[in-house]
Amino acid sequence: MEGFGDAIDGYVDVEDGMARYVLARAEEQFADARAEKRSIDSREEFERRREDVRAAFRSSIGGLPDRMADPSIETTGRLDRTGYAIESVVFESRPDFHVTANCYVPDGRGPHPAVLFLCGHVDDPKADPYNQRACIELARNGFVVLIVDPIAQGERLQYRDPETGEAIVAGGGGVFAHCYVGQKCFYAGANLARYMIHDARCGLDYLEARADVDGDRIGATGSSGGGIQTLYLAALDDRVAAAAPCCSVTTRREWLKTGKRIDAEQSIPAAIPRGIDYDDLLTRMAPRPVCVGAAASDEYFPIEGSREAVDRTRRIYDLYGAGERVNFVVADRPHCSVYELGDGVLEWLCERLGDDEYTPHEDVPIADRTELRCTPAGSVREAYPDERMIDDLIREYVAETTPGGTGSDDGVESDPSGMRDAVIETFDLDREGCELSPRVVERTTVKGLDVERLWFKTERDPDAVVAGVLVSDPRSAADGPAVVLYEGGTEELPARSDDVAALAAEYGAVLVFDPRGVGAVRNREIPIPTWVEDYYGIYGTEFKLAYDALLLGTSLLGMRVYDVIRAAEFLCQETGGDRVSFVGEGTGATHALYAAAAARDVDRVALRDMGPSFAEMATDRNPPFRPELTAFDVVRTCDRERTLAALARRNVAVESGEPSA
């Protein structure tokens, strides 16, 4: 048996189908958001929307942790320089969870204005030469500056390569650990951003408590990932008197079109339908001063979107008579640091928060990274024997939010329809379908089996294309057909002919099925960034599509589960059966499980080599990274044990086993 050739044997171009589908859905929601924003013509209307956006944002990241009443704070070193000093500081943001930072302190007793400097995706952020130069310039202009190592960077590395034992650090513009641990957060119904924002709030606490800092003049700045953190912090903490997010502001519409990837903390679930765009985070500050730093040739945050976001922000600030408090600094550069943007951002901070006009300096001495260490060996894991990892915090979050624990079906209604509703909501399965109009590519007979290769659409969208090979055994007396879901879809058919023949004899008829993006309808490789080679790895094509779907408030997993349900509907229509079964393997087993939970009239489900549950992937130390299974808030609502318990109450037979040879 064979699968399909290119473009489903020349019938329909599916090469960009998934990417086009995501963009089309996003465009509708962008249009709605633009219309809503344009209709706002009073402060009262804006403030109502602003509070809705703030609440939606907090919900999308899983809320924020409580701040500690009495965190430990240590000053572990000091470097004296001309006009300023650099203190090495370690503070707790959660019990036994330490944050490393350098505090640049100007000469004089103060009180001084202060800046929380938040870092982007570089290996050793607070030691980065450009970050040092920006902090030194601010310190020599009278600011206390606290620069913080983000989670999994600098002295806060979380993971080591299991083969080499070396620390896994930033690479190619991203932080692999952010996405790895961010995936765990998604499963748990949270976002890595909740922990990064919390660390930043604790940084504000530290600055506010210093006797040499004026608590009414604390600003925040950072570039790239640090700019995103600045946006988040300023949107949620009113203690930020002025904010300068750099190389981090555009519009989601412009960003989606680039084909670029973002890290987990930047992928806010349902941000697009909830109207959480970059300008919405900026205007959350109104009328506090804000300066957007941008690079004209930024490869991550398109300048067209930056200009549009600033224009939208100024329109809102004008409602407060504060349009002049929105500043826009553009440098003729690619994506870069705060320092590389030039003097504009630093001048603006001095103007808004400082005591004097900004004075640049030609001699900006850079310290060696070892001089800036806050821990003896440059690692909180080695410095503190009881140090907890971000994994521990996620496990804690899961324990707090999951009713009955992760291994039980407590809290599930005795009526299994409760679980069905939960699955439909979690995986966004309440969709507007279309009439099934199967197109048969070929009919043939193979070793006494009737074989049809076909494709159809599951939604009204022209890119919701799926394919399958229907194999019927006229010698079988079985009348309960099955949808068969291999991890590679119909591409596996040449090697699976014997298995398919055996399944056709067992079920009477089977549909070896390709939900969208799988097998014959797989999306082409999206080669941005060019250094990523693994289609299914971190920053690969499935990662890109999965994160885009998450922004839409849906998931690749949900789309594919929906397609499997429609495939079951087609199969019953085609064979005249009134009940259907599912056979799934690998990722296909997950599709089979949740399709069975959401569909009606299911006979049995065979799950082969399903792999760990969502609860296990959220709470284990080193689970596999499966971008194709990216989904939000699954552990709490419908993890495997609860779903299996609901199927049992429906008298659906569930079989588990190893992959078929």
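Helix 5 (residues 176-188) is followed by G189, whose phi is positive, near 90°; helices here are DSSP runs of H or I with at least four residues, numbered from the N terminus. This is a predicted model, in which local features need pLDDT of at least 70, side-chain atom pairs count only at pLDDT 80 or more, and totals for chains, interfaces and linings use all residues. Residues are numbered from 1 along each chain as its sequence is written, and side-chain values use heavy atoms, leaving out hydrogens and water.

The 13 residues of helix 5 should span 18 Å at 1.5 Å a residue, and its end C-alpha atoms are 19 Å apart, which agrees; the expected span is 1.5 Å times one less than the number of residues. Twelve of the 13 are buried, so helix 5 is largely enclosed by the rest of the structure. Buried means under 20% relative accessible area with a 1.4 Å probe, protein chains only. Among the buried residues are H178, Q183 and K184.

A nonpolar core is a set of buried Ala, Val, Leu, Ile, Met, Phe, Trp, Tyr and Cys residues joined through side-chain atoms within 4.5 Å. In the largest one, of 155 residues, I390, V483 and F582 touch the most other members. Helix 17 (residues 556-575) gives the largest share of this core, eleven residues. A second, separate core of 38 residues includes A127, V329, L341 and L353.

Helix 6 (residues 192-209) supplies three residues, the largest share, to the lining of the largest cavity. Lining residues have an atom within 4 Å of a point of the cavity, which is a set of points on a 1 Å grid over the protein atoms alone where a 1.4 Å probe fits but cannot get out. Among those lining residues are M196, D199 and A200.

Terms used:
1 Å grid on protein atoms, 1.4 Å probe; cavity = no way out; pocket = protein on both sides within 12 Å on 5 of 7 lines; lining within 4 Å. Helix = DSSP H or I, 4+ residues; strand = E, 2+ residues; numbered from the N terminus. Buried < 20%, exposed > 50% of the residue type's maximum accessible area, 1.4 Å probe, protein only.
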